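Open the model in your viewer and keep the selection panel at hand. The tour moves from the core to the sheet, then to the helices and the rings.

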Amino acid sequence: MRVVFTKVFFNSIDHYFPDDSFVSFLHRLIQFPTLGAVVPGLGGIRKIRAPDRIASLGTRSGLRVLYRYYQQQQIIVVYLAWGYRDWE
């Protein structure tokens, strides 16, 4: 499995994923690439929730990550991460 990050996501890793939480998130995404819900109208892009360890929030009020899983090529492209509270 190959994982590709957009520049926008790559630049946000330190902000949203402290310590080893990014590694844990990445392992979970690779192990279960279809776990996220498909977002209607976005051509197969999925949204997955992750805990926000900086703000001490669980997955429900934590982070959102948009990604696309290309099953035949075994590639995951991670586009964007944001905190649930960032949109209030």
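A nonpolar core is a set of buried Ala, Val, Leu, Ile, Met, Phe, Trp, Tyr and Cys residues joined through side-chain atoms within 4.5 Å. Buried means under 20% relative accessible area, exposed means over 50%, and partly exposed lies in between (1.4 Å probe, protein chains only). The model is predicted, with local features requiring pLDDT of at least 70 and side-chain atom pairs pLDDT 80 or more, while totals for chains, interfaces and linings use all residues. Numbering starts from 1 along each chain as its sequence is written, and side-chain values use heavy atoms, without hydrogens and water.

**Stop 1: the core**

Select F9, F17, F25, L29, V65, Y67 and V78. These have the most contacts inside the largest nonpolar core, which has 20 residues. Helix 1, helix 2, strand 3, strand 4 and strand 5 each supply at least two residues of this core. Which element gives the largest share of the core? Strand 4 does, with five residues. Helices (H or I, at least four residues) and strands (E, at least two) are DSSP runs, numbered from the N terminus.

Now centre on V65. Contact here means heavy atoms within 4.5 Å. Leaving aside neighbours within four places in sequence, V65 is in contact with F9, F17, F25, R46, K47, I48, V78, L80 and A81.

**Stop 2**

Switch to a cartoon view. Five strands form an open sheet in the order 1-5-4-3-2, with mixed pairing. Strand 1 and strand 2 (37–38) stand at the edges with a single partner strand each, so one side of each has no neighbour in the sheet. Two strands pair if DSSP finds at least two bridges between them.

Strand 2 pairs with strand 3 in the antiparallel sense over two bridges. Pick V38: opposite V38 stands R46 in strand 3. Step on to strand 3 (residues 45–50), which pairs antiparallel with strand 4 over six bridges. There, K47 stands opposite L66 in strand 4.

Colour strand 4 by accessibility. How many of its eight residues are buried? Six are, so to speak the strand is mostly covered. Next, cross to strand 5. Eight bridges join strand 4 to strand 5, and the two run antiparallel. R64 has W82 in strand 5 as its bridge partner. Zoom in on the hairpin of strand 4 and strand 5, which has four residues between the strands. Q74 takes a positive phi near 55° there.

**Stop 3: helix 1**

Select residues 7–16, which make up helix 1. Which of its residues are buried? They are F9, S12, I13 and Y16. Look down the axis: these buried residues fall within an arc of 140°, so they line one face of helix 1. The arc is that of the directions from the helix axis to the C-beta atoms. Turn the view to the face away from the buried side. K7, F10, N11, D14 and H15 are exposed there.

What covers the buried residues of helix 1? The cover includes strand 1 (2–5), helix 2 (21–31), strand 4 (63–70) and strand 5 (75–83).

**Stop 4: helix 2**

Move to helix 2. Its buried residues are S21, F22, F25, L26 and L29. They cover an arc of only 135° around the axis, which puts them on the same side of helix 2. On the other side, H27 and Q31 are exposed. The cover over the buried residues of helix 2 includes strand 1, helix 1, strand 3, strand 4 and strand 5.

Stay in helix 2 and pick R28. R28 is partly exposed, at 28% relative accessible area. Apart from neighbours within four places in sequence, R28 is in contact with L35, I48 and R49. Show polar contacts next (pairs of N or O atoms within 3.5 Å; within protein, one must be able to donate a hydrogen and the other to accept it, and residues adjacent in sequence count only if both atoms are side-chain atoms). The side chain of R28 reaches the backbone oxygen of R49 at 2.9 Å.

**Stop 5: the rings**

Finish with the aromatics. Rings of Phe, Tyr and Trp (its six-membered ring) pair if their centres lie within 6.5 Å; planes under 30 degrees apart count as stacked, over 60 as edge-to-face and the rest as tilted. The whole structure has three aromatic pairs. F5 and F9 form a stacked one, 5.4 Å centre to centre with 20° between the planes. F5 is partly exposed at 27% relative accessibility, whereas F9 is buried at 0%.

F22 counts as buried, at 14% relative accessibility. Select the three together: F5, F9 and F22 form one aromatic cluster.
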